[in-house]
Amino acid sequence: MFKFFKNLFCKKKYSIYVVEDDNFFLNAVRIQLEISFKYDADLQLFMSSDAILEQTIQPNAIIMDYHLGEHSECDGAELIRRLRTKFPTAKLIVLTHEGDIEIAQESYKLGVDNFIKKDVKAVKAVIQELVYNKDLQRK
């Protein structure tokens, strides 16, 4: 019972922002992150670029969908630029349905730490990237 209250009132060790316009995928990532971090992560979920760009607290990591569609005022490349400028030390992981090599290359040039094609294994890949390398600050 003490552990419950400790977790309830203590600051979380990791701060992770997730921006994804697919509610199903957003919740799949959320559930897996909560389980994998044993609820020791403060997860902030966003469905638009506007909402994440309004944040003022530097997260340890950001997981973003490259194509947010009508939920974004900017395209994926522009969102990467803005996030990298606003949160320079956050580990930045990009997810997309497309495995376009040119988009991946451009994303890496803009400063992403990993580019993962969305499929059944994508959530597992994101978790492995973060959990097995808990040094979430960008190098």
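Me: Why is Arg 81 called partly exposed?

Reply: Arg 81 has a relative accessible area of 37%. Buried means under 20% relative accessible area, exposed over 50%, and partly exposed in between (1.4 Å probe, protein chains only). The value of 37% falls in between, so Arg 81 is partly exposed. The model is a predicted one, in which local features need pLDDT of at least 70 and side-chain atom pairs count only at pLDDT 80 or more, whereas totals for chains, interfaces and linings use all residues. Residues are numbered from 1 along each chain as its sequence is written, and side-chain values use heavy atoms, with hydrogens and water left out.

Me: What makes the pair of Arg 81 and Glu 78 a salt bridge?

Reply: The closest N and O atoms of Arg 81 and Glu 78 are 3.3 Å apart. A salt bridge requires a side-chain nitrogen of Lys or Arg within 4 Å of a carboxyl oxygen of Asp or Glu. The distance of 3.3 Å meets that limit, so the pair qualifies. Side chains of opposite charge can pair when their charged atoms come close. The two residues are 3 residues apart in helix 4, which means a separation of about one helical turn. Helices (H or I, at least four residues) and strands (E, at least two) are DSSP runs, numbered from the N terminus. Glu 78, with a relative accessible area of 26%, is partly exposed.

Me: What makes Arg 30 and Glu 34 a salt bridge?

Reply: The N to O distance between the side chains of Arg 30 and Glu 34 is 3.1 Å, and the pair therefore meets the definition. Both residues lie in helix 2, 4 residues apart, about one turn of the helix. Arg 30 counts as partly exposed at 23% relative accessibility, and Glu 34 counts as partly exposed at 23% as well. In the whole structure, a search finds 5 salt bridges.

Me: How do you know that the buried residues of helix 5 are on the same side?

Reply: The buried residues of helix 5 (residues 101–109) are Ile 103, Ala 104 and Ser 107. They cover an arc of only 100 degrees around the axis, which puts them on the same side of helix 5. The arc is that of the directions from the helix axis to the C-beta atoms. The face turned away from the buried side carries the exposed residues Ile 101, Glu 102 and Lys 109. The cover over the buried residues includes helix 4 (76–86) and strand 5 (114–117). Just after helix 5, Gly 111 takes a positive phi of about 110 degrees.

Me: What makes the 23 residues a nonpolar core?

Reply: A nonpolar core is a set of buried Ala, Val, Leu, Ile, Met, Phe, Trp, Tyr and Cys residues joined through side-chain atoms within 4.5 Å. The largest such set has 23 residues, and Ile 52, Ile 62, Met 64, Leu 79, Ile 80 and Leu 83 have the most contacts inside it. Strand 1 (14–19), helix 3 (49–53), strand 3 (61–65), helix 4, strand 4 (91–96) and helix 5 each supply at least two residues of this core. Helix 4 gives the most, with 4 residues. A second, separate core of 17 residues includes Val 29, Phe 37, Leu 95 and Val 126.

Me: Which residues does Leu 83 touch?

Reply: Leaving aside residues up to four places away in sequence, Leu 83 touches Ile 52, Leu 53, Ile 62, Met 64, Pro 88 and Leu 92. Contact means heavy atoms within 4.5 Å.

Me: What pattern does the protein chain follow along the sequence?

Reply: The pattern is α-β-α-β-α-β-α-β-α-β-α, from 6 helices and 5 strands. Buried residues make up 45% of the 139 residues in the protein chain.
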